[in-house]
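Hi,

Here is the structure I promised to hand over. Have a look at it first, and then read my notes below with the 3D view open.

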Amino acid sequence: MPRILTSLAALATAALLSPADHAQGVVTQKNISQAMALTVASGALAQCQSMGYKVSVVVIDRDGLQVVLLRGDGAGLHTPEGADRKAYTARTYRSPSADFAKRVQAEPAYAPATQYTRVLALAGGLPIKVGDDVIGAVGVSGSPGKDDVCGQAGLDKVADQLK
C-alpha cells in the first residue's frame, strides 16, 4: 500500500509542477499602435463628417484600453461613451457589436450579457483583426445607422497593414 501512495504522490507532484514549466517564457502578442489607432479614428471621423454627422470615435487595443478618442465638433455628450462601449463590445466578442445586438435579440438567455458595464448592444463597433487575431476595435457613435460605415472607412485606411 505505501508503494501505491508513493506513486500517487509522485504523479500528483509531477502534475502540479508541469503547468508551471509550460507557463514560463515570453508571450508575444500583436497590438494596435497609437499611430494606426489615430489613422483609423481619423478615417472614421472624416467619413462621418463627409456624410454630415457629428460623431465620436474610439479605438481600443487588444486589452480593451482606449488608445484614441476623437470627439468631432458638435458631437453629442453621450457619443464618447457610446463609441467606447461599442468598441469594447466588438473587442470582447471578437465580432461587430451589431452581431452582439442580434444575438441578444435572438437568444433571450444571452440578454443578461447586456448588463456588463462597457458592453453595448448597438451597431457601430468593429473588431480590428490581423488574420483571426483581434488586436483592437473601433467604435463610432452619433451617426444613426451609419456608424459601421464610418468605422469601416477608418479600417480601410489601414487594411494593407493588417495582413
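A search of the whole structure turns up one disulfide, counted when a pair of cysteine sulfur atoms lies within 2.5 Å. In case the word is new to you, a disulfide is a covalent bond between the sulfur atoms of two cysteines. Here C48 is joined to C150, with 2.0 Å from S to S. The link of C48 and C150 is right-handed, with 115 degrees about the S-S bond. The pair ties together distant parts of the chain, 102 residues apart: C48 sits in helix α2 (residues 34-50) and C150 in helix α5 (residues 147-156). Helices (H or I, at least four residues) and strands (E, at least two) are DSSP runs, numbered from the N terminus. Both C48 and C150 are buried, where buried means under 20% relative accessible area, exposed means over 50%, and partly exposed is in between (1.4 Å probe, protein chains only).

A word on the basis of all this: the model is predicted, so local features need pLDDT of at least 70 and side-chain atom pairs count only at pLDDT 80 or more, while totals for chains, interfaces and linings use all residues. Residues are numbered from 1 along each chain as its sequence is written, and side-chain values use heavy atoms, with hydrogens and water left out.

Next, find strand β1, residues 56-61. How many of its six residues are buried? Six of the six are, so the strand is mostly covered by the definition of buried used here. The cover is on both faces: S56, V58 and I60 are buried on one side, and V57, V59 and D61 on the other.

β1 also has two partners, and two strands pair if DSSP finds at least two bridges between them. With strand β2 (residues 66-71), β1 pairs in the antiparallel sense over five bridges. With strand β4 (residues 133-141), β1 is again antiparallel, over six bridges.

Now for the charged side chains. The whole structure holds five salt bridges, each a side-chain nitrogen of Lys or Arg within 4 Å of a carboxyl oxygen of Asp or Glu.

- K86 and D147 meet at 2.6 Å, N to O. This pair links distant parts of the chain, K86 in helix α3 and D147 in helix α5, 61 residues apart. Both K86 and D147 are buried.
- R85 and E81 meet at 3.4 Å, N to O. Both lie in helix α3, four residues apart, about one turn of the helix.
- R103 and E107 have their closest N and O atoms 3.6 Å apart. R103 is partly exposed because its relative accessible area is 39%, and E107 is partly exposed with 39% too.

Last stop: the loop between α3 (79-93) and α4 (97-106), where you will find R94. Most residues other than glycine have a negative phi. R94 has a positive one, near 60 degrees. Beyond residues up to four places away in sequence, S95 touches T89, A90 and P127.

Happy exploring!

Note on methods
Contact means heavy atoms within 4.5 Å.
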